[in-house]
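Subject: Structure handover

Hello,

Here is the structure we spoke of handing over. My notes on what turned up in it come below.

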Amino acid sequence: MIVQDQSFHQQLTFGLEKIYEAYKLLLWEQSKKFQLTPIQIRVLLFIAGHGRKENKVGVLAREFGMTKATMSETVRILEQKKLIEKQRDTGDARSFAIALTRKGEQNIEELQDYQRPLLDLLYTIPEERKISFYETLTGLLHGLKKEQKLPLERHCYNCGNRRTDGARSFCMALRKPLPIEEIRLECSEHESLQVKTNIPWKRE
């Protein structure tokens, strides 16, 4: 019989795993309600929150850790369900972006409601504890990204717009300081770290 490791760090990872299992269960229940697969719901929510640049098959495939062929099939099914439509790029007839149809837009608010039980619990936690937890969470995610274990492409810690003096962060795109609770894991203003500026604060 294998005895479960009771160390504190093991308990932390076990807790994160249980939260993930709860998330999957909530998403699965929502998928049955709408007769969609969990990945189809996640793709629709991603499309709703992003623009033409990100809403392309190749980007979606990287985002969800899928092959382009598998993502193309997911897009095809959502298109058949009249939830999305393809929009040709004006500069390249071979390229297209994906957008929600009117039917898709009408379903988005209810689709994302599967998160409600988790959100309701978060609202009951004192603000300072949430900020501390978020700081830990963003640090874990950034570490996994650096180890190439997580496809997290558009977050503040790998953005060319972020400046830091080691203790504080500042966003050059938004022209404002970034306290920990405003650090974004997904940002439409994200720029590659290769972008160069003459701003004195250093990039991390």
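**Salt bridges**

A search of the whole structure, which is a predicted model, turns up eleven salt bridges.

One of them joins K18 and E21, with 3.3 Å between the closest N and O atoms. The two residues sit three apart in helix α1 (residues 8-34), so about one helical turn separates them. K18 is partly exposed at 40% relative accessibility, and E21 is also partly exposed, at 33%.

R154 and E63 form another salt bridge, 2.7 Å from N to O. R154 belongs to the loop between α7 and β3 (162-164) and E63 to helix α3 (residues 57-63), so this pair ties together parts that lie 91 residues apart in sequence.

D165 is partly exposed, with a relative accessible area of 34%.

**Cysteines**

The search of the whole structure finds zero disulfides. For C171, the closest cysteine sulfur is that of C159 at 6.3 Å, which is too far for a bond. For C187, the closest is in C156 at 5.7 Å, again too far for a bond. The cut-off for a disulfide is 2.5 Å between the sulfur atoms. C171 is buried at 7% relative accessible area, and C187 is buried at 10%.

L83 is in the loop between α4 (68-80) and β1 (84-88). Is this residue buried or exposed? L83 is buried, its relative accessible area being 6%. Apart from neighbours within four places in sequence, L83 has contacts with L36, L44, L78, A99, L100, T101, K103, G104 and N107. The C-alpha atoms of L83 and Q106 are 9.3 Å apart, and the two residues are separated by 23 residues along the chain.

**Nonpolar surface patch**

L16, I19 and L140 make a nonpolar surface patch of about 260 Å². Of these residues, L140 lies in helix α7 (residues 127-146).

Regards

Key:
Residues are numbered from 1 along each chain as its sequence is written. This is a predicted model: local features need pLDDT of at least 70, side-chain atom pairs count only at pLDDT 80 or more; totals for chains, interfaces and linings use all residues. Side-chain values use heavy atoms; hydrogens and water are left out. Patches are made of residues with over 30% relative accessible area and no salt bridge: like charges are joined within 9 Å, nonpolar side chains (Val, Leu, Ile, Met, Phe, Trp, Tyr) within 5 Å. Accessible areas come from the Shrake-Rupley method with a 1.4 Å probe; for residues, only the protein chains shown count as cover. A salt bridge is a side-chain nitrogen of Lys or Arg within 4 Å of a carboxyl oxygen of Asp or Glu. Helices (H or I, at least four residues) and strands (E, at least two) are DSSP runs, numbered from the N terminus. Buried means under 20% relative accessible area, exposed over 50%, partly exposed in between (1.4 Å probe, protein chains only). Contact means heavy atoms within 4.5 Å.
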